[in-house]
Amino acid sequence: MDLDTPELTRPLVARLCVVALVAILLIPSGVSALTHEPVELQRGAIDEPANGTTVIAVQGFKGRGQNSSKKPARLVGVGPEGDLEWNYQPQDDVTWFYDVDPIDDGTLLVTGVTRDGTTVFKYDPATNSRVWTERLDADDTHDVDLIDGDELLVANMRNYNETTGTNDDRIFVYNRTTDETVWEYRFERIYDRGDASGGSGSYTGDWTHVNDVDKLDDGRYMASPRNMDEVVVINRSTKEVDLSLGTPGNHSVVYEQHNPDYIESEDGSPTILVADSENDRVVEYEHTGGEGRNATWERTWNLGADGNLNWPRDADRLPNGNTLVTDSLNHRVMEVTPEGEVVWEYYAPWGTYEAERVNLGDEPGGPTIADQNASGAYGLNGSAALTPGATERATFASWLHSTFAGTPISSQVDWFAERWAHVAPWVRPVWMNPWAFVAFLGAAVVTLGWAGGEAVYHRRWIAGRLRAGYDRVRPSGGGSTRSDD
């Protein structure tokens, strides 16, 4: 009996192997779907009750014009023991929530956006109603502050002027009483067209991505042009830079940061606490000398040295010396001691943006890390670790970091891992865990490769079928018949 495998069955064996591989890669997705336990609005670790209500602005995600019910935007008020006090859903004029600022009368100033403008409103949690609403012709504004009673200090990004061919990204002051802009500062004063971080911002599109602005005193505003990897303090009168932290393209200081917090040490030294988002850490810098863009700084604190923060976007120093951290893609807000211990924690999917302790007001300030004699680099400990990136278990990104460390391609792999960690959560279904998502994409790649291989293998047959189809549908030669007499 001839036991030789007929040559014509070899492609079939190869196809069966591919099918088996794809099936194996899809198994984790099925298991993840069956065993998924969603993280909802819920308390995490509560070792110490908070001193009042914490308001959290949850950005949410919306794609292709449709809200994602699994990734909602909302404002939530959380009590000292992690109990949900109220939950405000977006209205028709808001798609995403960004900045939220406590006001002295117990209300909140809220910044929300749609795809065609910015809505700023004063919200009263006690009555679950808006006191007033202001509509700004500004695209995707992340921060608006109420200053001097009736003026709005606005961070205005995505502001390319096609008529003049210039980018008008700026900060400005709008007077609600007179309905006019009374002051503005354009970032073209200090940045060149190619300064945006690593190609993140196009001059004709999202150039500076200025995501935060704060009034420091009567004469200065601090702004965070994210894509420039720099925090700048602008003198209102002279329009000069009084202080700056970071340099465009220098990712070792800050890398596409969010929501810097200005505090001063006991000896008056300027100190900046900032969510160093793309570096997945919260850092604090103390001013050591110089002025303007020649200022020098010492990094006194690095929170997140263990890699358990994922794209933090807000950090506020509290009067007790702890820091309120918004860990965006781990969907949580934490109160953390200077040594990294989590003493209060709340999970609020999807995409937490900012958090404030209501009774402390906007940007309450507190003792610097240096004044607390706690300088150093710290990991996190004590978290309930309800989301994959918040645990010590290896994620795909951390596995890439550790596996390729010390290899000739480590820098390229690290870059890819960071992009993966910050992009994948936006597109991964919430019921699919991170490793199952990697396996699913692997199955997709194998399937596409298989389809491409089949197309090459059967190229002659495919070409013949295409020609036959074309011959059937093309117009006949037709034409007239001529006869010569």
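Start with the open sheet: four strands, in the order 17-18-19-20, with antiparallel pairing. This is a predicted model, so keep that in mind throughout. At the edges of the sheet sit strand 17, residues 210-217, and strand 20, residues 241-245, each pairing on one side only. From one strand to the next, the twist averages 20°. Strand 17 and strand 18, residues 220-225, run antiparallel and are joined by five bridges.

Next, a loop residue. N322 is in the loop between strand 25, 312-317, and strand 26, 323-327. Is N322 buried or exposed? It counts as buried, because its relative accessibility is 8%, and the cut-off for buried is under 20%.

Last, the helices. Two packed helices are described by the angle between their axes and the distance between the axes. For helix 3, residues 410-427, and helix 4, residues 434-457, the axes come within 11 Å and cross at roughly 85°. Helix 3 is therefore roughly perpendicular to helix 4. Helix 3 contributes W420, A424 and V427 to the contact, and helix 4 contributes F437, V438 and L441. By type, the contact residues are six nonpolar, no polar and no charged.

An unreviewed UniProt entry annotates residues 435-457 as "transmembrane region". In the model that span is 100% helix and 0% strand, with its end C-alpha atoms 33 Å apart.

Key: Residues numbered from 1 in each chain as written. Predicted model: local features only at pLDDT ≥ 70, side-chain atom pairs only at ≥ 80, totals over all residues. Heavy atoms only, no water. UniProt positions renumbered as here; feature names shortened; annotations may be inferred. Helix = DSSP H or I, 4+ residues; strand = E, 2+ residues; numbered from the N terminus. Axes fitted to C-alpha atoms, helices over the stretch in contact; angles between N-to-C directions. Parallel < 35°, antiparallel > 145°, perpendicular 65-115°, else oblique. Contact = heavy atoms within 4.5 Å. Nonpolar A, V, L, I, M, F, W, Y, C, P; charged D, E, K, R; others polar. Buried < 20%, exposed > 50% of the residue type's maximum accessible area, 1.4 Å probe, protein only. Pairing = 2+ DSSP bridges.
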